Structure formats: structure tokens, C-alpha cells
Amino acid sequence: MAHINQSQQSQQSESRLPKRSRRTGGHAAMRRALRREVPSTVGILADEQDFTQMRRYRTFAFDDYPTYLRQSEKLLQTLSAQQLHTSVALFDPDEFAEYCGEAGIEADAPAGRSRFTAELAGRGASVPYTGQPMGTLLPELINRTVRQATWEYATMLLADLGVCADCGQDIGSAAFDRASRILMRILELAGPGEHHLVCSVPGPDEQLLAVLHAQGGPPSAHSAQIDAAEGAEFVSVLAAGIALGGSGGVVLRTSVQGTPDHLHGWRLHQGRLDPLTAGEVFSAYCTDAATGDPLSPEPGVEYCAGFPVTTDDPENHH
């Protein structure tokens, strides 16, 4: 007798089933295939405080936070095993309650939580689940959410500035363009290596902080490789500082294999970056910001003066 592989056996077995059963099985297979093309989003509570807030709802089924996190991770693993694209977003209880009140939906119901999670999926503050453990996933998610909120706040500040009374130019747009050119000039002058930039700007309501990682190439490349989202966030925060005309600063750390890391710094003043001296950079890095106590210098690091950052555009006088 000839050998029959599993596929042939399945076909022969199916041929002995009633036609209606074969049609039902075929439809189920098609639905499973479609299900694999439907993305899933899981909302996660960030900490014990948020978890405690959700426990006031009768339909919320968990009693302790560690169990909740373990079961959430198992759910993510199950979805991933089904070859479903799954993303994770932070579930904020206060935003959830506000959302339910405005939408007129029942908060103490799984459907309400599901609908709110679907809204989170459309906002962009989420990370894809690729099998990372919850101890890695949660900090990554919190960082992504904070970055998104910072970018939205900086963008709102720029949009609300309006136009210059003297020249009619949009102040926020002009500041954004100037900040873009400043960033590109810094990266051009920084040269080869792995660059880590931090921009800190005091806003009207909160401190704005943006971080950018870039890979600098040889001088012939004329540009560094950066993540588009990180770049937009960094430029938006720097632009807010330029447009508001307040204080702030930028620091740059460059790493090149086989050499000490180089630290540079600038002070934001009247829409431009003024280089800090090597002593000022050392003081900034080697002083405890909370207590003012001195800190030990980091081994393998050179504290350097900021280099001049000039662009072709005129100074910002708005």
C-alpha cells in the first residue's frame, strides 16, 4: 500500500464527512485565517496605585497586582503563539473614567474597558509585544508613553504661540525649523560615533525632556542616522525652548570604540546654543542635582567644552 502523508489523510477523512460539515470546517478555517490578520492591543496598568483604582470596579477580576501582571503576560504569550500582531498600551484609570463619562458608557463593564483600550491603540503611545518579559516591557512602555506626552505638550506649546506681530511669521513653525537645523549641525560637527543627546527645557507647567540616539558616520556621509520619531520629539522640545526664549540646555555624549567617551554641553539662551566650558560640563555632570553634593567623575569619560553651533538662518528675535 502506498504511503499517505498527513495532508492526504486529512483530505480522505474530510471526503467521508457530510458536505455541510465540510463547509462548516472550511468556514472555521477561513475565520481563523482572518483572525490572524486582526491586530490586538492589551492595556496594562502601570503600578500598584493604578491597580488599586481599578479594584473599585466590581467586574475587575483581580485581587493583587503581581497576579495581574503574571496573567497579563500569559495572555500576551497566548496571542503571540497564535501569530497575532499584539501591541501594549498603558491603561490609565483616571483617563478611563473621564473617557467613560464623556462617551456615556458603563465603566464597570469589560466592554467599556475594551472600548477604551481600542482608543489607546489609535493614539500611538504603544509598543509591540515581541516576547519580552514584563520586567522589560513595562519600563519600555512607560518610557514610550512619557515621550509621547512630552511631544504632544511641546507641539501644543508651539501651536499656541501664534504669529509674530512684527513679521507675521508663525513663531512655532519658525522655531521648529531653526531647531531642526541646530540638531543637524550638532550631529554634523560631532562626527563619527554613537551619539546620545539630551535636551532639557522648562515649560510653563512642567519640565520638558527629550532624548535622541544617533549613529554618526564618516565626514563623507554628511548626515547621521536617527530614529524619525525620536528626532521629531527632540526637535519639538528644543523648538519650544527657542520659541519661549527661556533657559534650558543640551548635552551630547559621543562614544567611539577604543577611546574615552566625550561629553559636551550647551546653554540655551535667547534662541541659540551657547557652548559651556569644560569646567561647566564637569560641574553639571559631577554635582548631585537634588543635594548639590559633588559626585565622583565617571571613569573613561572626558568632559569637554561645547563646540560652536552656528546655522545659516537668522537669529530668532520673536
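Reader: How many disulfides does a search of the whole structure find?
Author: This is a predicted model, where local features need pLDDT of at least 70, side-chain atom pairs count only at pLDDT 80 or more, and totals for chains, interfaces and linings use all residues. Residues are numbered from 1 along each chain as its sequence is written, and side-chain values use heavy atoms, leaving out hydrogens and water. A disulfide needs a pair of cysteine sulfur atoms within 2.5 Å. The search of the whole structure finds zero.

Reader: Is C286 buried or exposed, and at what relative accessible area?
Author: Buried means under 20% relative accessible area, exposed over 50%, and partly exposed in between, with a 1.4 Å probe and protein chains only. C286 falls under the buried cut-off, because its relative accessible area is 5%.

Reader: Which backbone oxygen does the side chain of S236 reach?
Author: S236 sits in helix α9, residues 228-244 (helices are DSSP runs of H or I, at least four residues; strands are runs of E, at least two; both are numbered from the N terminus). S236 is buried, at 2% relative accessibility. Its contacts (heavy atoms within 4.5 Å) include W151 and F176, not counting residues up to four places away in sequence. At 2.8 Å, the side chain reaches the backbone oxygen of A232.

Reader: What is the strand order of the open sheet?
Author: Two strands pair if DSSP finds at least two bridges between them. Five bridges join β1 to β2 (residues 86-90), and these two run parallel. The edge strands, each pairing on one side only, are β1 (40-44) and β3 (126-128). With mixed pairing, the three strands have the order β1-β2-β3.

Reader: What angle does helix α6 make with β1?
Author: Axes are lines fitted to C-alpha atoms, for helices over the stretch in contact, and angles run from 0 to 180 degrees between N-to-C directions. Helix α6 (residues 110-121) lies across β1 and β2. Its angle to β1 is about 105 degrees.

Reader: How far apart in sequence are the parts that R147 and E233 tie together?
Author: A salt bridge puts a side-chain nitrogen of Lys or Arg within 4 Å of a carboxyl oxygen of Asp or Glu. R147 and E233 form one, with the closest N and O atoms 2.8 Å apart. R147 lies in helix α7 (residues 134-159) and E233 in helix α9, so the pair ties together parts separated in sequence by 86 residues.

Reader: Which residues are linked with R147 in a network of salt bridges?
Author: E233 is buried, with a relative accessible area of 7%. The network links R147 with E233 and R144.

Methods
A polar contact is a pair of N or O atoms within 3.5 Å; within protein, one must be able to donate a hydrogen and the other to accept it, and residues adjacent in sequence count only if both atoms are side-chain atoms.
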